[in-house]
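Colleague: I would like a close look at one part of this model. Please start with the overall picture, then go into detail.

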Amino acid sequence: MRIVYCRHLATATSRGLRPTILQQRRITTLTPRTTEAVGFENATPKNDELSLEDWSQEHEDEISKLASKPLKDLNLTDLIRFGRPPLSPQSLLTSARSTRENLPVRLSRRIVALRNLPFIIVSNPHVSQIFNNYLHSLRSILSFPSSSLTNPLEELKFTEILTDIVKTHSNTIPTLARGFIECRRYATPAEVTSFLDQHLRERIGTRLMAEQHIALHISSTANPEEIKGADGATVELVQDGSTYIGTIDTALQPARLINSCASFVGEICEIRYGVRPQLVIDGDPDVRFPYLPVHLEYILTELLKNAFRASVEAEQTEPIRVTIAKDPYTAGISMRIRDRGGGISPEDMPNIWSYSFTTFREGEEEDALGRFNNSVASAGDGSSIAGLGYGLPLSRAYAEYFGGSLSVQSAFGWGTDVYLKLKGVEVD
Ligand SMILES: Nc1ncnc2c1ncn2[C@@H]1O[C@H](COP(=O)(O)OP(=O)(O)OP(=O)(O)O)[C@@H](O)[C@H]1O
Ligand SMILES: [Mg+2]
């Protein structure tokens, strides 16, 4: 199939101004300092003059070959295999080499999956932008020969490439969402959900693989004095006694994260409705377990947005109740988020896991594109209480990524219980 490459890079607002997306904040601190330090701009790939289209045509066979390689699953045990930072230069190089080996397979799989979409969909400017982003990232990483990963300076240059890749892909979700809304005449909701589900699940792993190496690099090499003023989260990563191993907090306290997410969701709720519901945490709020704060934060924000919205729209004064329990046999936890917001109707229930299914209506906007514009773009900072219809399916993808689960029980006319189970990992 011939692909039309669209060079017009449409702007899409980022989804969700989240309270403490630790990794994102860390990543932005890396770029200016290290770029300057190693003259990274000189390491621009030689074949940069080739247009992306020409480059991808030249590498078509290589991309297909990489995409057909088996995908190495990421698990928490693997992610913490190097132990607590600071890592030795040798361990950092091993981590870099493994990332250099596995990332091209993941990027190529996404390129092939996008290329296999019907022509009319892949030529949509937004979908095409995502496609080009993957090509761009693959070209950057392949231009860095794995054989050169033999010393700390090369490892630093490689980490810069990863940082650039993570940034390039930060707007994937709203951009793809917009593309698929514009193409809704050409694919059924089930087809869109099936593509997006696989795409976004694999994206979780791809992003995590890059972020884990970046975080290990920062916590093993950064000078805490240098970054203290700039980024509290980075200081947390590198300070003595830090509980982090890369992106994983080995002593993550869900209750703390619930409070910070509830305060963020409360703010957007007040902006939308002028009020915010009460929230109570019970069960075992002191529980700690090893997990990725950024994943749990995503899930909690989405679940709380749904519960807050339902409570306020039902004019419910009963608080939302979050019950936390430690799994007595494993390092995992379970959580129930209970609201009295009236539940989900039996007609809507079969659709809640579909990407783009939403019952949210903003003003007169009955059209999906209008809702998209309202909920994502015109919110300015990209934070809205609801409207895209990605919250539940994407939260489930995050929960299931490391063997957890997410399920919804509705008592229509009364309220909703959402059960979240997450498996941690045993850490010495
Ligand atoms: N706690 C809840 N109470 C009532 N309805 C709910 C609840 N959680 C989800 N729903 C229903 O499921 C639908 C899909 O939820 P989902 O979070 O996926 O999308 P959304 O909230 O509409 O948009 P967003 O992408 O911003 O999350 C909602 O529109 C709503 O109708
Ligand atoms: Mg939602």
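Among contacts in the chain between residues at least 6 apart in sequence, what percentage join residues at least 24 apart? After that, please walk me through helix H13 (residues 254-273) and what its buried residues pack against.

Modeller: The model is predicted: local features need pLDDT of at least 70, side-chain atom pairs count only at pLDDT 80 or more, and totals for chains, interfaces and linings use all residues. Residues are numbered from 1 along each chain as its sequence is written, while chains are lettered from A and ligands numbered from 1 in the order written.

Your figure is 80%. Contact here puts the C-beta atoms of two residues, placed from the backbone, within 7 Å. The chain has 16 helices and 8 strands, which are DSSP runs numbered from the N terminus (helices H or I, at least four residues; strands E, at least two). Of its 428 residues, 43% are buried. Buried takes 20 or more other C-beta atoms within 10 Å of a residue's own, exposed 12 or fewer, and partly exposed lies in between.

Now H13. The helix has 20 residues, and its end C-alpha atoms are 27 Å apart. That agrees with the 28 Å it should span at 1.5 Å a residue, the expected span being 1.5 Å times one less than the number of residues. Just after H13, Gly-274 has a positive phi of about 85 degrees.

Its buried residues are Pro-254, Leu-257, Ile-258, Cys-261, Ala-262, Phe-264, Val-265, Ile-268 and Cys-269. An α-helix has 3.6 residues a turn, so residues three or four places apart point the same way. The buried residues of H13 pack against strands E2 (248-252), E3 (279-283), E5 (320-326) and E6 (333-339), and against helix H14 (293-313).

Take H14 next. The axes of H13 and H14, lines fitted to C-alpha atoms over the stretch in contact, come within 8 Å. They cross at roughly 45 degrees, on a scale from 0 to 180 degrees between N-to-C directions. The two helices are therefore oblique to each other (under 35 is roughly parallel, over 145 roughly antiparallel, 65 to 115 roughly perpendicular, the rest oblique). The crossing is right-handed: the near helix is turned clockwise from the far one by less than a right angle.

H13 brings Pro-254, Leu-257, Ile-258, Cys-261, Ala-262, Phe-264, Val-265, Cys-269 and Tyr-273 to the contact. H14 brings Pro-293, Leu-296, Glu-297, Leu-300, Thr-301, Leu-304, Lys-305, Phe-308 and Val-312. By class, the contact has 15 nonpolar, 1 polar and 2 charged residues (Ala, Val, Leu, Ile, Met, Phe, Trp, Tyr, Cys and Pro are nonpolar; Asp, Glu, Lys and Arg charged; the others, Gly among them, polar).
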